[in-house]
Amino acid sequence: MADDVILARRSALAGILEPGDHGANRFDGPGIHLTERTPFSVVQVEARADVIPSLAEALETATGTAPSLTPNQSAGNGQPRILGTGTGKWLVIEPEHRDLAAHLRSALPDSVAVIDLSHARTIFRLSGRDARTLLAKGCSIDMHPSAFLADTSRITGVFHAPALIDCRSAEPVFDIYVHRSYAAHLLEALQDGALEYGCRVS
């Protein structure tokens, strides 16, 4: 009986994230839109350099998405999304609907390390006309549209929280991955930083 029980994942922002409009109100609406993406599966896949080409092929077969062999490049529309975080190292992310880690362990070679990070990460979706300006206030990487393109990602610090930023589109839309222990801090920092632009939390 116990094996049939699936425990719902509790968000690190439960009881903290308050939907609504905050800060300055402009006639054309808030400059920042902020939400949490949940529930999602987040799985790290890592292999030695000599098996990277075969791993990339196996990962594409297992997920239907071809991972980029270039670090900091992203692939996929989210069903799943695969982020290159280093040489021979990827994050595979998709809306939670199956045991993604078990699926990948069964599909990939035994020499590949598959680590389920779903319980350890919080994902923010940040968008709006002032999203790049807000991120530029809190991190040291170049946020100009010509420097941080769609389908690229960066590991950096955002308002003093270690984070992975994935640029989903040039509109702009960003997904920010942060350790769940930093989630409340980052939510507060993003909301505070967004007050001058107007911030809609949903």
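Predicted model: local features only at pLDDT ≥ 70, side-chain atom pairs only at ≥ 80, totals over all residues.
How much space lies in the largest cavity? About 110 Å³.

**The chain as a whole**

The chain is built from four helices and twelve strands. Its C-alpha trace spans about 55 × 50 × 25 Å along the principal axes. A compact globule of 202 residues would have a radius of gyration near 17 Å, and the 18 Å found for this chain agrees with that. Out of the 202 residues, 48% count as buried. Take the contacts with a separation of 6 or more: residues 24 or more positions apart account for 65% of them.

**The cavity**

Rolling a probe the size of a water molecule over the atoms shows where empty space is left. Here there is one cavity of 30 Å³ or more. Its lining is made up of 16 residues, and Arg9, Thr38, Ser118, Arg121 and Thr122 are the ones nearest the centre. Which strands each supply at least two residues of that lining? They are strand 2 (32-37), strand 3 (40-46) and strand 8 (121-127). Strand 8 gives the most, with three residues. By class, the cavity lining has five nonpolar, five polar and six charged residues.

Now for the open space: the largest pocket holds about 270 Å³. It is lined by 14 residues, and the closest to its centre are Arg121, Ile155, Ala163, Leu164 and Tyr177. Strand 6 (89-95), strand 10 (161-169) and strand 11 (173-179) each put at least two residues into this lining. Of the residues in the pocket lining, nine are nonpolar, three polar and two charged.

**Side by side**

| Space | Volume | Lining residues | Classes in the lining |
|---|---|---|---|
| Largest cavity | about 110 Å³ | 16 residues | five nonpolar, five polar, six charged |
| Largest pocket | about 270 Å³ | 14 residues | nine nonpolar, three polar, two charged |

One name to look for in the structure is Arg121, listed among the residues nearest the centre of the cavity and also among those closest to the centre of the pocket.

Technical notes
Residues numbered from 1 in each chain as written. Heavy atoms only, no water. 1 Å grid on protein atoms, 1.4 Å probe; cavity = no way out; pocket = protein on both sides within 12 Å on 5 of 7 lines; lining within 4 Å. Points joined across faces, edges and corners; volume = space filled by probe spheres on them. Nonpolar A, V, L, I, M, F, W, Y, C, P; charged D, E, K, R; others polar. Rg over C-alpha atoms; globule rule 2.2 N^0.38 Å. Buried < 20%, exposed > 50% of the residue type's maximum accessible area, 1.4 Å probe, protein only. Contact = heavy atoms within 4.5 Å.
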